[in-house]
Amino acid sequence: MDFTGADILSVNQFDRPSIERVFEVADDLRPYAQRKRITRVLQGAILSNMFFEPSTRTRISFGSAFNLLGGEVRETTEVSASSLAKGESLHDTARVLSGYSDVIVMRHPEAGSVAEFAEASRVPVINAGDGTNEHPSQALLDLYTISKELETRGRQIDGLRIALVGDLRYGRAVHSLCKLLAVYNSVHYKRVSPPELALPAGIVEELRQRGHEVSVYHELEEGINQVDILYVTRTQEERFPTQEEADRYRGLFRVNQAIYTKHCEPNTVIMHPLPRDSRAKAQELDDDLIHNPNLAIFRQTDNGVIVRMSLFALVLDVAEQVHNHAQPVTWYTAKRNPR
Amino acid sequence: MDFTGADILSVNQFDRPSIERVFEVADDLRPYAQRKRITRVLQGAILSNMFFEPSTRTRISFGSAFNLLGGEVRETTEVSASSLAKGESLHDTARVLSGYSDVIVMRHPEAGSVAEFAEASRVPVINAGDGTNEHPSQALLDLYTISKELETRGRQIDGLRIALVGDLRYGRAVHSLCKLLAVYNSVHYKRVSPPELALPAGIVEELRQRGHEVSVYHELEEGINQVDILYVTRTQEERFPTQEEADRYRGLFRVNQAIYTKHCEPNTVIMHPLPRDSRAKAQELDDDLIHNPNLAIFRQTDNGVIVRMSLFALVLDVAEQVHNHAQPVTWYTAKRNPR
Amino acid sequence: MDFTGADILSVNQFDRPSIERVFEVADDLRPYAQRKRITRVLQGAILSNMFFEPSTRTRISFGSAFNLLGGEVRETTEVSASSLAKGESLHDTARVLSGYSDVIVMRHPEAGSVAEFAEASRVPVINAGDGTNEHPSQALLDLYTISKELETRGRQIDGLRIALVGDLRYGRAVHSLCKLLAVYNSVHYKRVSPPELALPAGIVEELRQRGHEVSVYHELEEGINQVDILYVTRTQEERFPTQEEADRYRGLFRVNQAIYTKHCEPNTVIMHPLPRDSRAKAQELDDDLIHNPNLAIFRQTDNGVIVRMSLFALVLDVAEQVHNHAQPVTWYTAKRNPR
């Protein structure tokens, strides 16, 4: 994949060398995200951060990533306010807005809309989520986190054993992560979900055809032992036909410290594509895991900024120039909770 | 007109030398808008981009223009959220907000509100649309586009023949453009609209008194031959008293490639103050015009950024200093659809 | 108080030396706020300006203050859009968002929420208003204004006589100002309000225990003579149980030029924590005061930017470095209404 000027629309664009290139540049940019130094490599460049559907954290993560490279951000969070409401085509909107910036990040509730938008855009477009379809930067940051967590444990992604827990049917993040992982060798996917929320058969089939092992569990305890990564997702109760059905599964796939200690191998990494529901009895990940050093959920979101910086640097072709514009950081940066 | 520190509230402020000054600076700024180089001339300056009525494209166009000159943008898109809702006067709001920035761009649904705001502001105010009243930067970008399009065809604005098509009664953009054009010599305005949506008699009278020819057509085909510019507007169906009346005119003033080829002179420029309605049967400009090189609608929006940069540079008196702060562009800028 | 890396959550954090340090740095930053010169000391730093409750002026004041120090601002004004709506804990939101920036400003409708947020944040948090609880930067800017106004009149805060007029019961700004003033010597607080809107007994008691004089008046004329500062607040009619009760007090605590001339000492300073209600008969401060040079309400809001710059500079520990990054201002800055 040639990143320069490319649209980032789908995880299907990424083969193994492309993923490794994203991660290599991400590693290189880590000191800037951690405020060890600053760079102004994109000084004068403008990101249009177009969110036609709300998403505070993804929006700010992309915006901060661009700021960290020295660029400016223009933003839209108005849904009904857009010209689309007046009957304007996505083509026109894209062509107009792409005249205002150097790169566009776009979230939109309709599957396929971002790709259609990118067709007409004169600048690169990054998909920040198009309905139930794709959210490639989320999958890349998940995979990057897996890679870094395994690295500190002396392992690598080939041969990975991962438990996928919760809503595997509707979870866009899980689907994309499954596909990205499939470019590696001999991954064992352990699926743990209610039958109603099982991973779609098409994805299972694809993973198997590519030589991976896919097994299924309906009890949490069976699925989460002997894995490297425990990837838990939020079960969106509104997905069930009735509240009664939702209630049947509530808490069944909830991980807490006692379950972890009893069933998981030491140093099993716990991940989650936040937000997690922390209301009483609804928690997927119990609060008592907060002191478990293997809880990587906030390292995931921190990595999100770094991976997005990497995508911007690659698409705008400045990855090699970042260090030329480096400057020292002069303000207070000591993090108070360094884990 | 002395631009330094001036408010830009109305097209009535602009005589011919003022317009030519705006365009001269715009030409000078074009390489920065096109990312041939960057300038930091407004580094440290702050724009308050106050949109008390939604308008994604105008808001981002102004914001990007300010960023392109090196300045920062603070933004408001909250309508109900404003202190105005708590009974605060426009005077107080203006006086307070003008303490936070170096220049203010303001859109507001009430005619006259921006001028009232400017009275109390301590920094220059640019009107980005006050209800049905004025939107001077739109008229300036339309006129700038006319000027550039004619230039590439070896012509000038004096002696211009322009067809104004669609809703000429309520269209703020058309009214302002008519007035700006009137400072040139011997313009022929050809009006093409349903009788219910005719250009207001007061404007027609004014144009005639200033020595211009104003003719009227109720059939599209008659009005659009022998013109240099075809300026088509959106007919807002909600303007009609009943849906039946709206239906009577739907499609009657719609331009497509076949009509263009049959009735227009070669190289007649097609313009539109977007957004255009692209829903089936509602189109003012048919999609089949997309390959017509005379379709200038996206050159209009691109020019919008340049004209707004020019207004900022003039009002803040940095037009002569722009090149002193120029730097090379170091990131990918190759546009993929260069027309 | 050691400012470096500190959260600014409550006026209770501030002793007299801390307040004087904020004001000393504010004085030092004044030339930058007034565009006499610019500084880039926070170039590369990112503020997350999180407003989970609307407040145009406070939001822009903080954002501009950060821009004036050279930093970038990422912003949230979406209330329902936040992940909090999906059941995410404040802890998670704080931990995630604090990975995206160097400092966070937060407004939230619930008392105590900002402190809870700060617990989990990895970067300093400044409270921009948490419900009825605290809004420390407002109190600091009020006190800074008192200090500067007295200074030009050859006086100081020790021995201050201040009339507090209007809604003293619910007014967060008044409560915080009372507490901050209490660190000085021999302040005389004159309370002027309807009995239903009296200053809470707990605050009165605290002020008295710290050696200050607190007196009470139910007639405007009695309370406002022989004071240095007249601090008027908005009576929020929605605070009364019925509209009839609200109507009983309307206009009773309204100050106009005639009342000022008749009852106040010469050069009594008039202040108000804007917005003020300027609707007919609802005004707390009459429009005819606009030419009174002692009306300091807009000097208050101007000072707000300066005090917020000071807080950022102290918390991020760059107060001593500001002048190292100073540059001349090259654009038009002549204010048109210089008072």
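Which residue is the bridge partner of Val105(A) in β5(A)?

Modeller: Ile126(A) is the bridge partner of Val105(A) in β5(A). A word on the source: this is a predicted model, where local features need pLDDT of at least 70, side-chain atom pairs count only at pLDDT 80 or more, and totals for chains, interfaces and linings use all residues. Residues are numbered from 1 along each chain as its sequence is written, with chains lettered from A and ligands numbered from 1 in the order in which they are written.

Strand β4 (residues 103–108) of chain A pairs with β5(A) in the parallel sense, over four bridges. Strands here are DSSP runs (E, at least two residues; helices are H or I, at least four), numbered from the N terminus. Two strands pair if DSSP finds at least two bridges between them.

The open sheet has four strands in the order β3-β2-β4-β5 (chain A), with parallel pairing. β3 and β5 (125–130) of chain A stand at the edges with a single partner strand each, so one side of each has no neighbour in the sheet.

Now the contact with chain B. It takes 32 residues from chain A and 31 residues from chain B (two residues are in contact if their C-beta atoms, placed from the backbone, lie within 7 Å). On the chain A side, β2 (46–51), β3 (72–76) and α3 (90–97) each supply at least two residues. The largest share, four residues, comes from α3(A).
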